[in-house]
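My notes follow in the order I looked things up.

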Amino acid sequence: MWLPATKVRGELRRAAGLTQAQVAAAIGVGRVQVARWETGFAEPRGVRRRAYSHLLLGLARQHPKVSTAT
């Protein structure tokens, strides 16, 4: 599953006006886990990786300038 660079993950979330807690609730994890994914201390796996990838892909489509500014 596609995931952008760790730096871009948080930028996409912020561009959409979402908090880490909102992303976490949408995926079914805790806020700290999203923070770890955004900083590269951890990577999502399995169904959570698919869900996070799907969410970020949608945000990248809505905010193409953010997703290409690596």
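I started with Pro4, which sits in the segment before H1. The model is a predicted one, so I kept that in mind throughout. Is Pro4 buried or exposed? Pro4 has a relative accessible area of 8%, so it is buried. The cut-off for buried is under 20%. I then listed its contacts, leaving out neighbours within four places in sequence. Pro4 is in contact with Arg9, Leu12 and Leu56. Pro4 and Ser53 are 49 residues apart along the chain, and their C-alpha atoms are separated by 8.5 Å.

**The whole chain**

Next I stepped back to the overall layout. I counted five helices and zero strands in the protein chain. Along the sequence the pattern reads α-α-α-α-α. The C-alpha trace spans about 25 × 20 × 20 Å along its principal axes. How does the radius of gyration sit against that of a compact globule? For 70 residues a compact globule would have a radius of gyration near 11 Å, and the protein chain has 11 Å, so the two agree.

I looked up burial for the chain as well. Of the 70 residues, 36% count as buried. The exposed surface comes to about 4,200 Å². Carbon and sulfur atoms supply 55% of that surface. For contacts between residues at least 6 apart in sequence, I noted that 63% join residues at least 24 apart.

**H1 and what it meets**

H1 covers residues 6-15. Which of its residues are buried? I found Val8, Arg9, Gly10, Leu12 and Arg13. Just after H1, Gly17 takes a positive phi of about 75°.

I then turned to H1 with H3, which covers residues 31-39. Their axes come within 6 Å and cross at roughly 130°. H1 and H3 are therefore oblique to each other. The roughly perpendicular class runs from 65 to 115 degrees and roughly antiparallel starts over 145, so an angle between those two ranges counts as oblique. On the H1 side I listed Thr6, Lys7, Arg9, Gly10, Arg13 and Arg14. On the H3 side they meet Trp37, Glu38 and Thr39. By type, the residues of this contact divide into one nonpolar, three polar and five charged.

**H2 against H3**

I took the other pairing of H3 next. H2 and H3 pack at an angle of about 105°, with their axes 8 Å apart. That angle makes H2 roughly perpendicular to H3. H2 contributes Gln20, Ala21, Val23, Ala24 and Ile27 to the contact. H3 contributes Arg31, Val34, Ala35, Trp37 and Glu38. What is the make-up of this contact? I got seven nonpolar, one polar and two charged residues.

Gln20 got its own entry. Gln20 lies in H2, which covers residues 20-27. Gln20 has 17% relative accessibility, so it counts as buried. I ignored residues up to four places away in sequence when I listed its contacts. Gln20 touches Arg13, Arg31, Val34, Ala35 and Glu38. Arg13 is one of the buried residues of H1.

Val47 is in H4. At 57% relative accessibility, Val47 counts as exposed. I checked Val47 against Lys65, 18 residues apart in sequence, and found them 27 Å apart in space, C-alpha to C-alpha.

Is Arg61 buried or exposed? Arg61 has a relative accessible area of 62%, so it is exposed. The cut-off for exposed is over 50%. I then looked for its distance to Leu12. Arg61 and Leu12 are 49 residues apart in sequence and 9.9 Å apart in space, C-alpha to C-alpha. Leu12 is among the buried residues of H1.

Conventions. Residues are numbered from 1 along each chain as its sequence is written. This is a predicted model: local features need pLDDT of at least 70, side-chain atom pairs count only at pLDDT 80 or more; totals for chains, interfaces and linings use all residues. Side-chain values use heavy atoms; hydrogens and water are left out. Axes are lines fitted to C-alpha atoms, for helices over the stretch in contact, and angles run from 0 to 180 degrees between N-to-C directions. Helices (H or I, at least four residues) and strands (E, at least two) are DSSP runs, numbered from the N terminus. Angles under 35 degrees count as roughly parallel, over 145 as roughly antiparallel, 65 to 115 as roughly perpendicular and the rest as oblique. Contact means heavy atoms within 4.5 Å. Ala, Val, Leu, Ile, Met, Phe, Trp, Tyr, Cys and Pro count as nonpolar, Asp, Glu, Lys and Arg as charged, and the others, Gly among them, as polar. The radius of gyration is taken over C-alpha atoms; the globule rule is 2.2 Å times the number of residues to the power 0.38. Buried means under 20% relative accessible area, exposed over 50%, partly exposed in between (1.4 Å probe, protein chains only). Accessible areas come from the Shrake-Rupley method with a 1.4 Å probe; for residues, only the protein chains shown count as cover.
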